[in-house]
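Here is a short tour of a protein chain for readers who like to keep the model open while they read.

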Amino acid sequence: MSTIPEVAGSPSFPSEELKVLQFWKEIDAFQTSLKLAEGRPRFSFYDGPPFATGLPHYGHLLAGTIKDVVTRYAASTGHYVERRFGWDTHGLPVEHEIDKKLGIKGPADVMALGIDKYNAECRAIVMKYAAEWEATVTRMGRWIDFKNDYKTLHLPFMESVWWVFKQLVDKDQVYRGFKIMPYSTAVHTPLSNMEATSNYKDVTDPAVVVSFPLVSDPKVSLLAWTTTPWTLPSNLGLTVNPAFDYVKIQDGETGAIWILLASRMDILYSKKQKYTVLETMKGSDLKGLEYEPLFDYFADRKGKAFKVMVDGYVTSDSGTGIVHCAPAFGEDDYRVAVDNGIVTGEGDLPMPVDATGCFTPEITAYAGVYVKEADKQIQKDLKATGRLIRQSQLTHSYPFCWRTDTPLIYRAVPGWFVRVSNINDKLLRNNAITHWVPETIKEKKFHNWLENARDWNISRNRYWGTPIPLWVSDDFEEVVAVGSVEELRALSGCEELTDIHRDKIDHITIPSKKGKGILRRIPEVFDCWFESGSMPYAQQHYPFENKDKFESTFPADFIAEGIDQTRGWFYTLSVLSAHLFDKPPFKNVIVNGLILAGDGRKMSKRHQNYPDPNVVISTYGADMLRLYVIGSPAVRAENLRFREEGVKELVAKVMLPWYNSYRFFFAQLALLKKEHNIDFVYSPNMDLHADQNVMDKWILASTQTLIEFVKKEMAAYRLYTVTPRLLNTIDGLTNWYIRFNRKRLKGDNGPEDAVRALNVLFEVLFTMSRLMAPFTPFITETMYQNFKTCMGPDASKEDTRSVHFLPFPEAKQQYFNADVECAISRMQMVIELGRYVRDNKTLPLKTPLREIVIVHPDPQFHADVRALESYIVEELNVRTVTFTSDEEKYGVKYKILPDLKALGAKLKKDLNKVKNGLASVSQEEIKRYVATNELVVAGIALGEGDLQVSRYFEDAGTSYAAHGNNEVLVIMDTTMDQSLLNEGVAREIINRFQRSRKEAKLVPTDDILYYYKITADPNDELAKVLVDQKDFLLKGLKQDILKASERKADAAVIFEAEQEVGGSKFVLTLVKA
């Protein structure tokens, strides 16, 4: 073996990670790993593209960590895994920044500036934070290719998007139409339904009841209710439910006669106010009634508009049961108006609101006023004309623009749509054959979204995006879809194109083949979701390049993003893939939840309610942050409240114990070399003969079980089950194996046994470094570089410079041992129960107890634990271990713990009978239930799983204390005598010397002399213990404790401090030998 590495006692994990990053850079680790994997089966992974106009946040780091864990694991299991970073460079996030910078208020400002200049501004900022993104992603340990990235603004990507669109046009899956769309007046563009549903807020809006006098009898008015008074100038109709009961009433105060829904009188009256019901009618009886318009703006439509329509969408849970209909501003309004011939939707739709959300000049009273700001004046004007009947406010949930945080409106938008409603069955069929983690997202959230999916408006009236490649005649009767740059050149005769953004191609025309002059490109660009949904094809410039590569790796083996992408990227990928290839776009997907601030609110720079990710990384290390997020509920699509304390706790509970076990290993190698001149060399194939230490067999067996478990769960992408199991194994290694075998590992049983134990410890530490490598890539690399010094020469020609070049461990069949795992598990159970008793009775572990009684009916349980009795004696510090199945002798009793929730679901009305009857069930009956799983209570038969039974011991008035679980009960004698107390003091003395060595930062190979000087000993107890327990102290410390008077005058004191034990005090001194 080469020089034994010196492992620092107080590590700085962030500093060690920086060294690893430098090492990876020196060996070009990621690219080298890809070269090593060439020729292996491909594992296909798609990375959803973020915008570089903002900095990465915890949500990005969570998704990135999930992706890195899975792709690292795939690479370690024999796959070639291409990992290319992608950038979303078009769309609102970019344009919004430029609008703010340049003070752009609407389309006119852009045209005045020029689309070329506007797009140049956009292009200049799209990669604003790219360097910060690369730095943070790299610092998190994620291996992904930034040099060979894809950007949605690059010509090859955009050309493939054109190809996708052309395929849809050729399949007759694209059409031009009007749709009522969620519309952001702040950025002057419609949003997709998925965007509109991502940001709801509670708002308070006006809620008004307005009258509509009948033309046939002006004394009678229909009453409609609305929370959007600004839509009233555009009213063209009223809608009622044909099946509902309506009433004509006369108001007791004014004498006015009104018609409204019979069940909604509370909208007008409290219980004390009076009215008279004049007539009752069905909604269908009101159909066709004409009324006087509220305003004169569209009065020329009388005869065709301003009449009552019927439709089932009208509900009875709010308002008056009569809905005011403004076809340009409501999806149902538009549909019903078209169905009833009020509008055709082909140019005759009144649209008196411009792109900025302000009224157009035709609405003379409110021209130029923003619609929401016009609400008050409209109400005031209606009140003046006597048409405002009731005026109040309503707090309700309302959609806001996800980008600008301003309220949306619903507005008729002419646009280009991809058909989706006609492929719902295909989408559902594809979804059914994909694997989702968690499965509930697939079965509920995503399934429901697909089931009700509507046609997708893919056009945006914007500038910085991929232009929709449609050239049309003025009357739209001739439409040409272009699927490539070469096709455009062939059709138009234009020059070579190196860029196809609007400013580079809007001027290009195509001669008509139908005698309609020239065809011009429509002004719209693609919704950027269309681009990200095209990413599988566009990142490869398919089908223009990489045809075989794409077709052999589609669908993707794996993708991962946040739960918000069920209506975003997951959806758009699925729609385009179904249309193009009739396949799902991915085979496996992990959906992560959202990361919230510690207070449960959305993380906000303004509220400063979360720590900077870079500060957390530089304080605790990226491995720590990775473990925190990957072990959180967010990996199973639940929300995580981020707590910096949670990251810090992982350092103390996981990372330091793991690191200390690794440090302990090398310290023992140094001790082995010093005391026996033995150079340790790892032996990978151990012969676990019959006399091999049982803890060796256990830790090796449990490690093989862990390997199989990790492989099984990772194959199912269940990271949320893998991480806890890995951390539990670290706990088992540090708190069970090393703790119980420390003396063997230190050589107390001789060098041969020490080498055997160290070989076992190395096997487990080395295996754990490979198992944990995808999860904590830094610390495992650090450990591996030192582990390599323990291995003999490598006969293979494989590159083993990095732990991430190694294959994932294969379980060694010869180490499996289910019997030993079961026995140790039972021993651990007994020890944990014993620890609980000590803690509960505040009995220090260093003070021995006389006896522990283990009560269990199964002789095999006794045999398993009896074989491990020495560990129980040592760990619980007891003199005697007694095994028994005689429960009566020790006064053991049984009690029933019913699962009321489960029983309630099963028994329903009989639950109370059983609850009351359980109190009278005898001990014998409970024992019979344990044996047979059969019990009759109050005449009702109960079976297996209906009841939980626990055993207990009534320790009141005795010197015994007990604790148990569903399997075993332990009873401990808590009586104290002087000999027990003296041994407890001796253990405390040993502990003080061991702690002092740690404080002095000594290692096992340092030769040190121990001295003491008693400074306070009221009853000479300490002096007596030092004499009476001399042999015990010598065994524990491996050397004598000397009186301070024996110390040489020139001795080199390394450490000195006063200690207190049991009311006595002494000065402890460590001196260099």
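## A cut-off to start with

A residue is called buried when its relative accessible area is under 20%, exposed when that area is over 50%, and partly exposed in between. Arg429 has a relative accessibility of 46%, so Arg429 counts as partly exposed. You will find Arg429 in helix H12, which covers residues 424-432. If you follow the chain for 18 residues you reach His447, and the C-alpha atoms of Arg429 and His447 are separated by 9.9 Å.

## The chain as a whole

Please keep in mind that this is a predicted model. The chain contains 35 helices and 38 strands. Along the principal axes, its C-alpha atoms fill a box of roughly 115 × 80 × 55 Å.

How much of the chain is buried? Of the 1073 residues in the chain, 55% are buried. Among contacts in the chain with a separation of 6 or more, 76% come from residues 24 or more positions apart.

## Two helix pairs

Two packed helices are described by the angle between their axes and the distance between the axes. Begin with helix H22 (residues 644-676) and helix H26 (residues 777-787), which pack at about 5° with their axes 12 Å apart. Angles under 35 degrees count as roughly parallel, so H22 and H26 are roughly parallel to each other. On the H22 side the contact is made by Met655, Trp658, Tyr659, Tyr662 and Phe666, which meet Ile779, Thr780, Thr782, Met783, Asn786 and Phe787 of H26. Sorted by class, the contact of H22 with H26 has 8 nonpolar residues, 3 polar ones and no charged ones.

Now turn to helix H33 (residues 978-999) and helix H34 (residues 1021-1028), whose axes come within 10 Å and cross at roughly 85°. That angle makes H33 roughly perpendicular to H34. H33 contributes Asn982, Val985, Ala986 and Ile989 to the contact, while H34 contributes Leu1022, Val1025 and Leu1026. The contact of H33 with H34 divides into 6 nonpolar residues, 1 polar residue and no charged residues.

## A parallel sheet with a helix on it

Which strands form the parallel open sheet, and in what order? There are 3 strands in this sheet, in the order S15-S24-S23, and the pairing is parallel. Strand S15 (435-437) and strand S23 (559-562) are the edges, each pairing on one side only. Ignoring direction, neighbouring strands here are turned by 20° against each other on average.

Helix H19 (residues 569-581) packs on this sheet and touches S15, S23 and S24, with a direction that makes about 135° with that of S23. Looking at the strands themselves, S23 and strand S24 (residues 588-592) are joined in the parallel sense by 4 bridges. Ala560 stands opposite Ile590 in S24.

## An antiparallel sheet

Another open sheet has 4 strands in the order S4-S3-S14-S16, with antiparallel pairing. Its edges are strand S4 (189-190) and strand S16 (456-457), each of which pairs on one side only. Strand S3 (residues 174-184) and strand S14 (residues 409-418) run antiparallel and are joined by 10 bridges. To see where they line up, find Met181, which stands opposite Arg411 in S14.

## A strand with two kinds of pairing

Strand S35 (residues 1008-1016) is joined to strand S38 (residues 1064-1072) by 8 bridges, and these two strands run antiparallel. Tyr1012 has Leu1068 in S38 as its bridge partner. S35 also pairs with strand S36 (residues 1041-1043), in the parallel sense and over 3 bridges. Here, Tyr1010 stands opposite Ile1041 in S36.

## A closer look at Thr226

Thr226 lies in strand S6, which covers residues 220-226. Is Thr226 buried or exposed? Its relative accessibility is 8%, so Thr226 counts as buried.

A polar atom of the Thr226 side chain lies 3.0 Å from the backbone nitrogen of Thr228. Leaving aside residues up to four places away in sequence, Thr226 touches Pro206, Ala207, Val208, Thr231, Leu232 and His324.

Methods
Residues numbered from 1 in each chain as written. Predicted model: local features only at pLDDT ≥ 70, side-chain atom pairs only at ≥ 80, totals over all residues. Heavy atoms only, no water. Axes fitted to C-alpha atoms, helices over the stretch in contact; angles between N-to-C directions. Parallel < 35°, antiparallel > 145°, perpendicular 65-115°, else oblique. Contact = heavy atoms within 4.5 Å. Nonpolar A, V, L, I, M, F, W, Y, C, P; charged D, E, K, R; others polar. Pairing = 2+ DSSP bridges. Buried < 20%, exposed > 50% of the residue type's maximum accessible area, 1.4 Å probe, protein only. Polar contact = N/O pair within 3.5 Å; in protein donor to acceptor, adjacent residues only side chain to side chain.
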